[in-house]
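Welcome, and take a moment to look over the model before reading on. The report below walks through a few of its local features.

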Amino acid sequence: MLQAVMTNPGIIEIRDIQRPEPKSDEVLIEVKRIGVCGSDIHVYYGMHPYTSYPVVQGHEVSGVVADFGSDVKSFSKGDKVVFMPQVTCGTCYPCRHGMYHICDHLKVMGFQTDGAAQEFFPVVADMVLKLPESTSIDHAALIEPISVAVHAVSQYGNVEGKNVLVLGAGTIGNLVAQVAKASGAKKVLISDISVYKQQKAMECGIDAVVNPQQDDLGQTILEVFGPDKADVILECVGVQDTITQAVTYARKGSTIVVVGVFGKKPTVDLGLVQDRELKLFGTLMYQKRDYERAIDLVKNGKLSLDNIITHRIPFNQYLEAYKLIEASGGEYMKVMVDF
Ligand SMILES: [Zn+2]
Ligand SMILES: [Zn+2]
């Protein structure tokens, strides 16, 4: 079978290797789609702080069950599946307290351990989730980033009837906004400096968009939400400007969820956090319940997903996915690698 190996930043070799046999507790997945995400792009540029080379990428994956080990009872050949790409220790404090997604020794497939950029990929059955037959294999490959959004929104709690501001309209920001809307938010406003991404957010049915370089963000918040402003602000970029906006435009007592991954250390006015009793939450990845909710949202057609899959590349041209992203001038959402 073929495997795509990133041997060094910016270099992918397609190798022909032995097809793996599933161990007794594993499901062997025939990989169908891999989504390329922001963290993968950091690996491509050699900028990911916790990844060494060679590495097999691929953590946003959908496929079908090709085979399974003798102890696996809950899957059949041909089942559509996704998997959670986390490898956890099971013994640290977070693992012992139901927070395995922030395991002290967390490894993520495609970064610190091999990912699924190969024709067949074995995964421990506990981490594999079966999908309804009606779910498209394209949408299935978005379950992973949707789960990131589900978990981020759940850090606030129930958004039903709440005003939600999302800073950043990339794939994660877009999905966070869509999940908030699907969860009954009263109004969702999304902010981005890219006209392309604003357009995508509108196509996906987000209530309002703003370009903070053209319009006054504080004024727009008042126009869209009224004087009570945003109940929750989800920062989905990970740069100084957006975290500053979050703290500056928060209402007294509102909640900020930090979703973006910061390349550079930001400076945050914690005086405002104190004085306004702001609640500041981090969010990382997801748990199984977030995957289950994501699968449900997709099954019930609650999300607009076709218009965020903007590009496709065949598996044997894996590197082209990154070339295409480089050449896009930021005008892309999800690039899908097709098998
Ligand atoms: Zn990802
Ligand atoms: Zn652990």
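Predicted model: local features only at pLDDT ≥ 70, side-chain atom pairs only at ≥ 80, totals over all residues.

From helix 4, the residues Ile143, Glu144, Ile146, Ser147, Val150, His151 and Ser154 touch Asp290, Tyr291, Arg293, Ala294, Ile295, Leu297 and Val298 of helix 10. Sorted by class, this contact of helix 4 with helix 10 holds eight nonpolar, three polar and three charged residues. The two axes are 8 Å apart, and the helices pack at an angle of about 115 degrees. Helix 4 and helix 10 are therefore roughly perpendicular to each other, and their crossing is right-handed.

Helix 4 has another partner, helix 5. The axes of these two helices come within 8 Å and cross at roughly 60 degrees. That angle is why helix 4 counts as oblique to helix 5. Here too the crossing is right-handed. On the helix 4 side, the residues taking part are Pro145, Ile146, Val148, Ala149, Val150, Ala152 and Val153, and they meet Ile172, Leu175, Val176, Val179 and Ala180 in helix 5. By class, the contact of helix 4 with helix 5 is made of 12 nonpolar residues, with no polar and no charged ones.

The table puts the two pairs side by side.

| Helix pair | Axes | Angle |
|---|---|---|
| Helix 4 (residues 143-156) and helix 5 (residues 171-182) | within 8 Å | roughly 60 degrees |
| Helix 4 and helix 10 (residues 288-299) | 8 Å apart | about 115 degrees |

What volume lies in the second largest pocket? It is about 250 Å³. Its lining consists of 14 residues, and those nearest the centre of the pocket are Gln86, Val87, Met109, Val124 and Met127. By class, the lining of the second largest pocket divides into eight nonpolar, two polar and four charged residues. Two strands, strand 6 (86-87) and strand 8 (120-124), each supply at least two residues of this lining. Strand 8 gives the most, with three residues.

As background, most residues other than glycine have a negative phi, and most peptide bonds are trans. The peptide bond from Tyr53 to Pro54, however, is cis, with omega near 0 degrees. You can find Pro54 in the loop between helix 1 (38-44) and strand 4 (60-68). The other detail is at Lys229, a residue other than glycine with a positive phi, near 55 degrees. Look for Lys229 in the loop between helix 7 (217-225) and strand 13 (232-235).

Conventions. Residues numbered from 1 in each chain as written. Chains lettered and ligands numbered in written order. Heavy atoms only, no water. 1 Å grid on protein atoms, 1.4 Å probe; cavity = no way out; pocket = protein on both sides within 12 Å on 5 of 7 lines; lining within 4 Å. Points joined across faces, edges and corners; volume = space filled by probe spheres on them. Helix = DSSP H or I, 4+ residues; strand = E, 2+ residues; numbered from the N terminus. Nonpolar A, V, L, I, M, F, W, Y, C, P; charged D, E, K, R; others polar. Axes fitted to C-alpha atoms, helices over the stretch in contact; angles between N-to-C directions. Parallel < 35°, antiparallel > 145°, perpendicular 65-115°, else oblique. Left-handed = near helix turned anticlockwise from the far one by under 90°. Contact = heavy atoms within 4.5 Å.
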